[in-house]
Structures are given as structure tokens and as C-alpha cells.
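Welcome! Take a look at the structure below, then try the exercises one at a time.

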Amino acid sequence: MKINEMIRELRIKKGLTQEQMASLLGISAPAVNKWEKAVSYPDITLLPALARLLETDLNTLLSFKEEPTKEEITDFLNELAADVSSNGAEHAFHMGMEKVREYPSCDPLILNVAVTLEGILGIYSKEDCTDFKNDIEKLYERAAQSTDAEVRDRARSLLIFKYIDREEYDRAEIFLKELPEESMMDKNQIRTRLYMKQKQWEDAGRVLESRLLKRLNDIQAALMDLMTIAFEENRPKDADEIADISRQVVRLFGLWDYGSYSAQFQLAFARKDIGQCITILKDMFPAILKKWEPGQSPLYRYTGSKSSTDHFGKSILPKILSEFEDPESEEFHFLQDEPEFRQLISAWKEKI
């Protein structure tokens, strides 16, 4: 509520006419009328007496509050979006800037108004909006200095994209270095954009390949957990399908062949299916020793050129075999009692 509305509301609540209030304050009745119509405002020296007369405090009289809440910011952004349809992009821009002037230290408001206004101008305005865009970028710059890490990092990320598009690579690098690795915006995605704009293809490729491998590891881990959930909930068809998807991911993305058997073996093991476990192990053991050279795939040309599982496979297979035949390991007892399983383990121990 604005000060003019507050004065009128409190005056009526106290049962005073404009003339009576004017007389008590020693001013003219037209002056009070102008206050309530927002034509003019009380002199600052009158504010304490006005507050006492209306039995309130200055904060209430001036409608002062620290900051708008998240809900209030969201409501205002919705008002901005609705205002465009009725009054146009320019009116919405001035409306947004006025709200920022009302709360000049509210960084979440500043950033969200900037993002919303930029979207509005991009969609609705058909005229040259250079001045408006400059003012919006200044809002981003203010938000980029926020003590709120979430606001600051998001604002800096958006500014980096702007600098990259304008080929201001030095400015982009400065903010990129200050951006934490763990932030709302993917720092590597921004770094890739910067490298590609500068035609640094190898650097861009290395970052992208690293991101791809990390995402694939996350996907495989998620698939394993989803398969376990399906098994525990007695959904065997779902569990089988998820295990098969895991196998396809390995082959589609050229990962180490050993990984294509992991989900299926884990499922067969959970079911205590001796025959299926042995069948899978017969293929899985050779896959462990099979050399994986990611650099031969177009997906890992840069990061995989010096990578290989040759030594890694040779080092982990003996450990796996030892675990399988360990008599102290209760989880493998159902397999250890099977002659074909013992023969398989013995044969592979001799090979290595």
C-alpha cells in the first residue's frame, strides 16, 4: 500500500475528515486532499506528527518493509507478463524498473526483473531497444555483485553468455574463473561455449567428452538403482528391461564392454539364478581383459587418446576371482556349491 492510500485509510479509521486532520496539523485541507490523491506528499518535518495523529509508526505510514518475499516477487513478475498484453513492452519495462527503484537492495528482485524484462523485450518489442537492453544489463551487473551466492552466480553466468556473443572473451574469462564449479549454471557448458566461439576445437572437445563420460556414469548408476527397485517391488519384466537398457547404453556410447554385463549379472545374482550367473560370467571375464581404447571412438577423440583399460582389467580380474571363491563370503555361497562355477573360477585363475 502506498503512502497516500495509507494516510487515507488511517484517517478514515480514526474518524477524521480531511479538514479536521488539516486543522490538527496546522495545514490547509487542500494539502491533505493532494496527499491522498498522490499529487504531493507531506513535508518530511510533518511525518512524526502525522504518524502520532494517526496512531501509527513511520514504517507503517510509509509502507516500509525490508524486502519483498519470494511469493511477492513471483506475483510481480506475473503482473509484468500480464501488463505487456494490455500496455506493451515499453510500459512493462518502466514498471519493472520502478519496482527495482523501490527495492534497490533486493538482489533476487533485481535479477528476476532483468530476466523477465529481457524476455519481454525479445518477444514483444519490434523497435530498437538498445537503451532498454543497456539498462537491463546494468541490472545483471548489479546482481553479479550480490552477497547471495545463488543470485550472483546466475547473474554472472548470464553475463558470460552475453560477453561471449559479443566476442568480449577477456571479460567472459574473468567471470568464468570466479564462477564456482558447483553452481546453478553448468560451468563446463559455459566454458565450452567460450572455446567454440574462439574456435579452440580441441579444448571444447575435451570438455564435452569429459561431460559426456560423467553423465554416462551417472546414467548407469541410476539405471542400476532403478533395476534394484524394480526387482525389490517384484516387477521382473521392468527389471529385465532396465538391465537391457544399461547394456545398450554401454554399446551405443562405446564404453568399456565389461560394463555391458554389470546390470544383468547383478540382476541374476539378486535372483540367485545360478545358471544365468555362470552364463554371464563366461562372457564377462573375457570382457574385463578386453582392452578398451576410448581414443579410437569419435566420441572420445581428445580425452581418450591416452586412456586404456589394459592394465586396469588385468589388475581387477584376480581380485574379482578371489572374492568369488572366498569361503568367508556368505553372499557367494549359493554359487560356490556349484561345480561348474568352481571350474570356471579355477580355469580363469590359471589363465591369469
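**Exercise 1.** At roughly what angle do the axes of helix H16 and helix H19 cross?

*Solution.* First, some ground rules: this is a predicted model, where local features need pLDDT of at least 70 and side-chain atom pairs count only at pLDDT 80 or more, while totals for chains, interfaces and linings use all residues. Residues are numbered from 1 along each chain as its sequence is written, and side-chain values use heavy atoms, with hydrogens and water left out.

Step 1: find H16 at residues 274-289 and H19 at residues 339-351; helices are DSSP runs (H or I, at least four residues) and strands too (E, at least two), numbered from the N terminus.

Step 2: their axes come within 11 Å and cross at roughly 10°. Axes are lines fitted to C-alpha atoms over the stretch in contact, with angles from 0 to 180 degrees between N-to-C directions.

Step 3: H16 and H19 are therefore roughly parallel to each other (angles under 35 degrees).

Step 4: the contact (heavy atoms within 4.5 Å) includes Phe285 of H16 and Trp348 of H19.

**Exercise 2.** How many residues of this contact are nonpolar, polar and charged?

*Solution.* Nine are nonpolar, none is polar and two are charged. Here Ala, Val, Leu, Ile, Met, Phe, Trp, Tyr, Cys and Pro count as nonpolar, Asp, Glu, Lys and Arg as charged, and the others, Gly among them, as polar.

**Exercise 3.** How many helices and strands are there in the chain?

*Solution.* Step 1: count 19 helices and zero strands.

Note on methods: Parallel < 35°, antiparallel > 145°, perpendicular 65-115°, else oblique.
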